[in-house]
Amino acid sequence: KPASEREILGHPQGLFYLFFAELWERFSFYGMRALLTLYMVNVIFEALAERDYATAAVYASYGSLVYASTVIGGKISDSILGMRNSIFLGGILMSIGHFVLAIENDIAFFLALSFIIVGNGFFKPNISTFVGTLYEKGDPKKDSGFTIFYMGINIGGWVAPLLCGWLAATYGWHYGFGLAGIGMLTGLIFFWSGIKKGVFGDKGMAPEDGSINKKVVGIKQGILVPVLAVLSAPIIAYLLSSYKAVATDGLLADQNIVNVIFKFIGIAVLAYLGYIMFKATLDERKKLFVAVLITFFMTIFWGFHELSGSVITLFAARNVSLDGIMTAAQTNSLNSMWIIILAIPISMMWTKLAKSGKNPRTPYKFGLGLLFAGISFYILAISGASANDNGLVPFAYLLLMYFLLSVGELFMSPVGLSKITDLSPTRIVAFMMGVWFLSSAFAFQVVGFIGKQLAIESTDANVGGFDTLTVYTEGFELIAYYSIGAGLLVLIASPLIKKLMGNVH
Ligand code: GLN
């Protein structure tokens, strides 16, 4: 049998090469993310009293751009490079980013983040789509293939913060960042060895129309794309570093350049969706409306969930009793740890419920997911009452919080992804997948907003105690109410949403 047809555990062999490639890419992504906020607060913006504010703003811009770039990377892959080339290009750009991050210098810092943003844009959407191409249309194994892939993501997301956090605490920040870079290179080697062995057959090649060799301004597009990608890095670095608000009052108060750009993108996307809905048939319009709703709920969820790398990391550093357990950076591994433990039991629960016809439909799962997220923040809010004399709360609260948040994630993220494809008319599925990734991008705008509200002004390296504890727990309480409120609204609206979905489960 040719390598592309051989199977492991009933899945195409190629899945396991993509599994390890993505595992190591996420290792680099989350290893770096675990250090990012603490590195900004303690090194890059150390001297500023408003260092928390600056950190929250840059973190949000980084997160928004790192997910928005996937829309462009997906498009360029479809029309010019193909998935294989895109994944290589993305992986190389990301490794460069991680290694540049190991240099302790402000300009290097912003440039490095830019390389990761552009690199992720080429890597992440294309490796996810690649998994789908390994299966025939309608193959029932595809869903479990994606569950295995999601496991890979979270094994990377679990181990990396532990190792990079340990290196950063023991030997220095740049060792932690350096290991992230090595992780990314390891991912590329796995991908390359899969290609060498022929496990992907002829999948993921550049489009057959030869666009890659077509010349624009005398240069082949296949060369032009990487050149432009590299050249865009300084521009993105400039955007990232402009964390200050463009205006002090009015409509743009507290908004930096990246915030303003995302406002425009949001309006444009909504206008385009409105136009598509206007032209669609009634049935398509109903389903599309639900797809947009689902994406909107997902944005709210990620907006609270992605606080883990920013406000919650700072909360862990300043107000959680971590002595002898782990460092604040390492707490970033807890979400992935719970996902690894819970992913299979929860997917088995759905299958079991489905057998007796009781598998809840998507809107109910989404309502419950938001409810879980809300309760998870409520746990942190009430943790304040158990603080010791130094204003530190027991670690168990953080552990329980991540447990609930991860249950919420598994109720929403994997389910939503497959529903989007079912609910969108075929001609715009690719666009809707882009919108789905944009939900994470807009979520980071929420993360930035909250991060700025909960920023603590201080140049004291040991900031913490009851002053910060109250700020955080009051903030978490508000988030809990918003999330629980949103969850209840979704549950109340579920019978109606269910009707609009028609035959889609
Ligand atoms: N943890 C998942 C991943 O890294 C999803 C993250 C997201 O979309 N915000 O792929």
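Let me start at a loop. Val 217 sits in the loop between β3 (215-216) and β4 (219-220). This is a predicted model, so keep that in mind throughout. Phi of Val 217 is near 40°, a positive value in a residue that is not glycine. Is Val 217 buried or exposed? Exposed: Val 217 has 5 other C-beta atoms within 10 Å, and the cut-off for exposed is 12 or fewer.

Leu 9 is another such case. Leu 9 has a positive phi of about 50°, and Leu 9 is not a glycine either. Its place is the loop between β1 (7-8) and β2 (11-12). Leu 9 is exposed, with 9 other C-beta atoms within 10 Å.

Now Gly 222. Gly 222 belongs to helix α6 (residues 221-241). With 18 other C-beta atoms within 10 Å, Gly 222 counts as partly exposed, because buried needs 20 or more. How far is Gly 222 from Phe 449 in space? The C-alpha to C-alpha distance is 39 Å, and 227 residues separate the two in sequence.

On to the helices. Helix α1 covers residues 13-44, which is 32 residues. From first C-alpha to last, α1 reaches 44 Å, close to the 46 Å expected at 1.5 Å a residue. There is a kink, though: about 40°, centred on Leu 38. Of the 32 residues of α1, 29 are buried, so α1 is largely enclosed by the rest of the structure.

Helix α10 (residues 334-355) gets the same check. Its 22 residues should span 32 Å at 1.5 Å a residue, and the end C-alpha atoms are 32 Å apart, so the two agree. Where is the kink in α10? At Leu 342, shortly before the proline Pro 345, and the kink is about 40°. The buried residues of α10 are Leu 334, Asn 335, Ser 336, Met 337, Trp 338 and Ile 339.

Next, a helix pair. Helix α2 (residues 51-101) packs on helix α3 (residues 106-133) at about 140°, with the axes 4 Å apart. That angle makes α2 oblique to α3, because roughly antiparallel would need over 145 degrees. What is the make-up of the contact of α2 with α3? Its residues divide into 26 nonpolar, 15 polar and one charged.

Last, the ligand. Around the ligand are Arg 26, Ile 153, Trp 302 and Ser 440. That shell divides into two nonpolar residues, one polar and one charged.

Conventions: Residues numbered from 1 in each chain as written. Predicted model: local features only at pLDDT ≥ 70, side-chain atom pairs only at ≥ 80, totals over all residues. Near = placed C-beta within 6 Å. Nonpolar A, V, L, I, M, F, W, Y, C, P; charged D, E, K, R; others polar. Axes fitted to C-alpha atoms, helices over the stretch in contact; angles between N-to-C directions. Helix = DSSP H or I, 4+ residues; strand = E, 2+ residues; numbered from the N terminus. Parallel < 35°, antiparallel > 145°, perpendicular 65-115°, else oblique. Expected span 1.5 Å × (residues − 1). Bend = angle between axes of the 7 residues up to and from the residue.
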